[in-house]
Amino acid sequence: MKSLVLSLLFTVTYISTVACACQSGWTGFRDSCYQFNVDNKQSWNDAKNACHKEHATLVAIETQEESDFIADHLKTLISSSDIHHDSASSVWIGGSDNDTEGFWKWTDINQLILEYTNWAPGEPDTGAGDHDEDCIGVVGKQHFQWQDRRCSESHSYVCELINGSHAVG
Ligand SMILES: [Ca+2]
Ligand SMILES: [Ca+2]
């Protein structure tokens with residue numbers, strides 16, 4: 001009887017862990033679910049609003065592991081012919097210095113970008129002096145490291161649902 005209870009307990013625990021997966025169209029990593037919108041190109045603001053409609057945020061990349069996960073996933077989704085072109089392989093993430101020039105922030109979670117950064121060499125360069133590159137994109141040609149870019153450019157984007165795996169399960 002005791003072993004039956006234990007095995008039931010194990011089964012219930014196992015099923016509830018598996019059932020707490022991401023919604024269809026989203027991919028789980030750690031405590032978040034991610035939606036990779038590579039065929040839908042938007043300005044940075046429109047991309048952010050599109051994530052909000054999904055009750056999610058424009059992705060905040062806070063660790064090297066999360067960065068590797070996203071880069072690896074994007075490599076499988078973006079065609080190799082596009083990967084060498086800035087405009088074809090750029091993907092918006094949730095960082096900007098819209099509020100205060102030079103202070104980069106994960107806007108949706110209102111957190112200054114301090115501990116982890118992954119700028120491409122020479123970035124951020126604020127657009128060669130005209131100070132209007134206020135939004136962060138990752139660029140395939142540069143191994144999905146970060147560039148500051150003009151927010152009005154249309155690019156693919158990644159949404160993140162923090163604790164999404166728990167919310168669904
Ligand atoms: Ca994150
Ligand atoms: Ca730049």
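Let me start with a bond: Cys22 and Cys33 form a disulfide, with their sulfur atoms 2.0 Å apart. A disulfide here is a pair of cysteine sulfur atoms within 2.5 Å. The torsion about this S-S bond is -90°, so the link of Cys22 and Cys33 is left-handed. Cys22 sits in the loop between helix H1 (2–19) and strand S1 (27–29), and Cys33 sits in strand S2 (residues 32–42), so the pair ties together parts that are 11 residues apart in sequence. Both Cys22 and Cys33 are buried. Buried means under 20% relative accessible area, exposed over 50%, and partly exposed in between, with a 1.4 Å probe and protein chains only.

Some ground rules. This is a predicted model, where local features need pLDDT of at least 70 and side-chain atom pairs count only at pLDDT 80 or more, while totals for chains, interfaces and linings use all residues. Residues are numbered from 1 along each chain as its sequence is written, chains are lettered from A and ligands numbered from 1 in the order in which they are written, and side-chain values use heavy atoms, with hydrogens and water left out.

Now the overall layout. The chain has five helices and nine strands. Helices (H or I, at least four residues) and strands (E, at least two) are DSSP runs, numbered from the N terminus. The order from the N terminus is α-β-β-α-β-α-α-β-β-β-β-β-β-α. Of the 169 residues in the chain, 43% are buried. Take contacts between residues at least 6 apart in sequence: 71% of them join residues at least 24 apart. Contact means heavy atoms within 4.5 Å. The chain exposes about 9,200 Å², and carbon and sulfur atoms supply 53% of that. Those areas come from the Shrake-Rupley method with a 1.4 Å probe; for residues, only the protein chains shown count as cover.

Back to the cysteines. How many disulfides does the rule give? The count comes to three. Another of them joins Cys51 to Cys159, S to S 2.1 Å. With -85° about the S-S bond, the Cys51 and Cys159 link is left-handed. Cys51 lies in helix H2 (residues 44–53) and Cys159 in strand S9 (residues 155–162), so this pair ties together parts that are 108 residues apart in sequence. Cys51 and Cys159 are both buried.

Then there is Cys135 with Cys151, their sulfur atoms 2.1 Å apart. The torsion about that S-S bond is about 100°, so the disulfide is right-handed. This pair links distant parts of the chain: Cys135 in strand S7 (residues 135–139), and Cys151 in the loop between strand S8 (145–149) and S9, 16 residues apart. Cys135 and Cys151 are buried too. Number the bonded cysteines in sequence order and the pairing reads 1-2, 3-6, 4-5.

Stay with S7. Five of its five residues are buried, so S7 is largely enclosed by the rest of the structure. Cys135, Gly137 and Val139 point one way, Ile136 and Val138 the other way. What does S7 pair with? Strand S4 (residues 90–96) joins S7 through four bridges, running antiparallel. Val91 stands opposite Val138 there. S8 joins S7 through five bridges, also antiparallel. Two strands pair if DSSP finds at least two bridges between them. Ile136 has Asp148 as its bridge partner in S8. S7 and S8 form a hairpin with five residues between them, and His143 in the turn has a positive phi of about 55°.

Asp148 takes us to the metals. The calcium ion (ligand 2) is coordinated by Glu123 (OE), Asp125 (OD), Glu133 (OE), Asp148 (O) and Asp148 (OD), at 2.1 to 2.4 Å. Donors are N, O and S atoms within 2.8 Å of the metal (3.2 Å for Na, K and Ca); water is not among the atoms, so sites may look incomplete. The spacing of these donor residues is E-x1-D-x7-E-x14-D. Glu133 is buried at 14% relative accessible area, and Asp148 is buried at 2%.

Last, the calcium ion (ligand 1). Its donors are Ala60 (O), Glu62 (OE), Glu66 (OE), Glu66 (OE), Glu160 (OE) and Glu160 (OE), at 2.2 to 2.8 Å. Along the chain they follow A-x1-E-x3-E-x93-E. Why is the arrangement irregular? The six donor atoms subtend angles of 50 to 136°. Six count as octahedral if opposite donors are over 155 degrees apart and all others between 65 and 115; four count as square planar by those limits, or as tetrahedral if all angles lie between 85 and 135 degrees; anything else is irregular. Ala60 and Glu66 are buried.
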